[in-house]
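Biologist: Hello! I am new to this one. Could you show it to me and let me ask how you know what you know?

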Amino acid sequence: MTMAEYKLKVTTGSVQYVGKMDYKYITLIGTEGQSERTKLDNFWIDFQTRTTRTYTIKSSFSLGKVLLVRVEKDPFLFLPEDEWYCAKIVVTTPEGDDTLFPCYRWIKRGEEVELRGGKAMKGFEEEHALLIEHRKKELELRKNTYLWAVNDDKLPHNSHFKDVSEMQAEVRCSASKSDELRYGRLIMAIELKFKGMVGSSERWDDIENMKRIFWFKKTEMSEYVSEHWKEDDFFGFQFLNGVNPNVIERCSKLPPNFPVTEEMVKPFLRDGSTLKTEMEKGNIFLCDQKIMDGIPAWTKDGNSLHMTAGLCLFYMNPESKLMPIAIQLYQQPSEQNPIFLPSDPETDWLLAKLYVRSVDMMEYEAVHHLMNTHYLAEVFAVATLRCLPVIHPLYKLLIPHFRYTLQINTIGRQILLGPDAVFDVSTIGIEGLKEVMRRAQSKMTYSSLCLPENITARGLESIPNFYYRDDGLKLWNIINGFVRSVVEYYYPSDSDVREDTELQEWITEIFTHGFLGNKLSGCPACFNTAQEVVKFITVVIFTVSVQHAAVNNGQFDYSWVPNGSLQLLKPPPTTKGQSNMKTILDILPNVGHTVKFVATAWLLTDKYTDVVPLGTYPEERFDEPDPKRMIKEFQAELSYLSEEIAERNHQLKVPYSYLSPTVIENSVTI
Ligand code: FE2
């Protein structure tokens, strides 16, 4: 009898606390039978971080083609559970063929994890009965493990995990086990830095004193904001290149509820020009905050704050600066709701801008950050975990883009939306925040998530100095090209798409749980062509990487509270000429709340030590050379773009660096 020898190269993950002590067992399952359950009997040193060791599994007969690798773990002596992070196993057959079995997950005691290896397979391509059965079971298990939860029937659904500790070893991805403690530690550290200011109900007696908050941490941009926040051109700049580049639109006709007259704005236009002419030239833009109209403001202990829902008109002047030229703070025009102008007394105009920025911050956090990136990312992640088995080509492509997303959203719901959390003390309050999200959800369109369509729909194709658009569109094209090459490789014809029932179920779940079955959203409920898949996957990767970076990464830079406060304590003036700097100090949050807002912005931009930048796939999931080559090409294009952006930024007074590929993460992690 000849012995068949299988060589195994087992790689442990590049994370801390990988789990060195427990016994590990492997069984190889082949087309002709299975090997004995074999203990990987080396010393614990074998399973240290980032090591690869070779083992031999002997079988008294040839196993044929190796289909599955079963991995198990048993206790070592009486030591407590020591989960193991297994990265991958490469099996070499007696004939010398290598097959990659990606794992990239924690394995718990008593778990029986069966790894699929080899090239990516769609369901209808499976031929072996054992694998067909394995695939079916895997999906059944996933659907029982990852459940949809409906917290609010008008908002995107989310994963059912209420706490990180409930999460499966599998989705804790490569993040180290101690990550769940990280937030608690960070909050404590931040509070220590702010000692004496946390919870203080003292009032600021001078805006300059707020700089005390920034003694421990500042960025070039946070300093710039604190110096320039009063300036009109910087106010306009933020609507293009700040944290919320998502709201302004070209204006070719004034809304009927915004009765700006030629006379009012004439002094701010180029000599001899009129509003009508400038509109025709495409130089007039509008920010309309109507989504906030009628949102109930925060009420606590009998005190209530005031929500405004403003309209702000901008002029792109001949120096290519976007200047605010008229502001009305409530939707309905009236005598008590004057249109403020740059020629008004300085503090009146500054107050008007303050209310617009404050509401912009709230809308931005609720809609453009939380809902359109975090919540959507979670929908994409849960649908992928439920509907696509690990051997599916699109699982391999997408799963790196959901790393840590379920954790951060679960933690985020606790720390942002909990009692006394930052939104709880904001003007909008938790209830108002949810209401804004519901309104935005009911109007959310698939098209608005596709950046080229979004820019065109808002008429912003040619507005100058719009770096979010310039960088975003280049990134969109690079991602789209990469996705196209991968999708067309696995789906050479449209019939492949139609036959892939797992993929069809995936998009149906997204349509149902993310877009709440709203056909008017334009989100596909099924796929008919490969091109539709290319576009959708582009949206997924773009949203969780580029779009999230654009709205997330500048939060601390822009956390200078007077520039955009989540809380303003008094209603805006109803008549002009009554305000002074004291009025402004009176509406700004107290010391404790100011600290809370800055600390949260810090928390939300603090990076992990193991950041994975866009296009970097440290996990080897594809076994075929073609997708590996496509990934390399993707990376090369991103690297060229990084250089291009760095060069451009070098020439700019205020650089726009949020969309440099080097700082964009592959997934929503923060
Ligand atoms: Fe975020």
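Modeller: Gladly, and let us begin with the second largest pocket, whose volume is about 950 Å³. Please keep in mind that this is a predicted model.

Biologist: What makes a residue part of the lining of this pocket, and which ones are closest to its centre?

Modeller: A lining residue has an atom within 4 Å of a pocket point. There are 30 such residues, and Asn246, Glu249, Glu363, His368 and Ser448 are the closest to the centre.

Biologist: Which element supplies the largest share of that lining?

Modeller: That is α7, with five residues. Several other elements supply at least two residues each, among them β13 (284–288), α10 (429–443) and α16. By class, the lining counts 12 nonpolar, 10 polar and eight charged residues.

Biologist: Why can the pair Asn552 and Ile670 be said to tie parts together?

Modeller: Asn552 belongs to helix α16 (residues 530–552) and Ile670 to the segment after α19 (625–651), so the pair links parts 118 residues apart in sequence.

Biologist: Are Asn552 and Ile670 buried or exposed?

Modeller: Buried means under 20% relative accessible area. Asn552 has 0%, so it counts as buried; Ile670, at 2%, is buried too.

How values were computed
Residues are numbered from 1 along each chain as its sequence is written. This is a predicted model: local features need pLDDT of at least 70, side-chain atom pairs count only at pLDDT 80 or more; totals for chains, interfaces and linings use all residues. Side-chain values use heavy atoms; hydrogens and water are left out. Helices (H or I, at least four residues) and strands (E, at least two) are DSSP runs, numbered from the N terminus. Buried means under 20% relative accessible area, exposed over 50%, partly exposed in between (1.4 Å probe, protein chains only). On a 1 Å grid over the protein atoms alone, a cavity is a set of points where a 1.4 Å probe fits but cannot get out, and a pocket is an open set with protein on both sides within 12 Å along at least five of seven lines; lining residues have an atom within 4 Å of a point. Grid points are joined across faces, edges and corners, and a volume is the space filled by probe spheres set on the points. Ala, Val, Leu, Ile, Met, Phe, Trp, Tyr, Cys and Pro count as nonpolar, Asp, Glu, Lys and Arg as charged, and the others, Gly among them, as polar.
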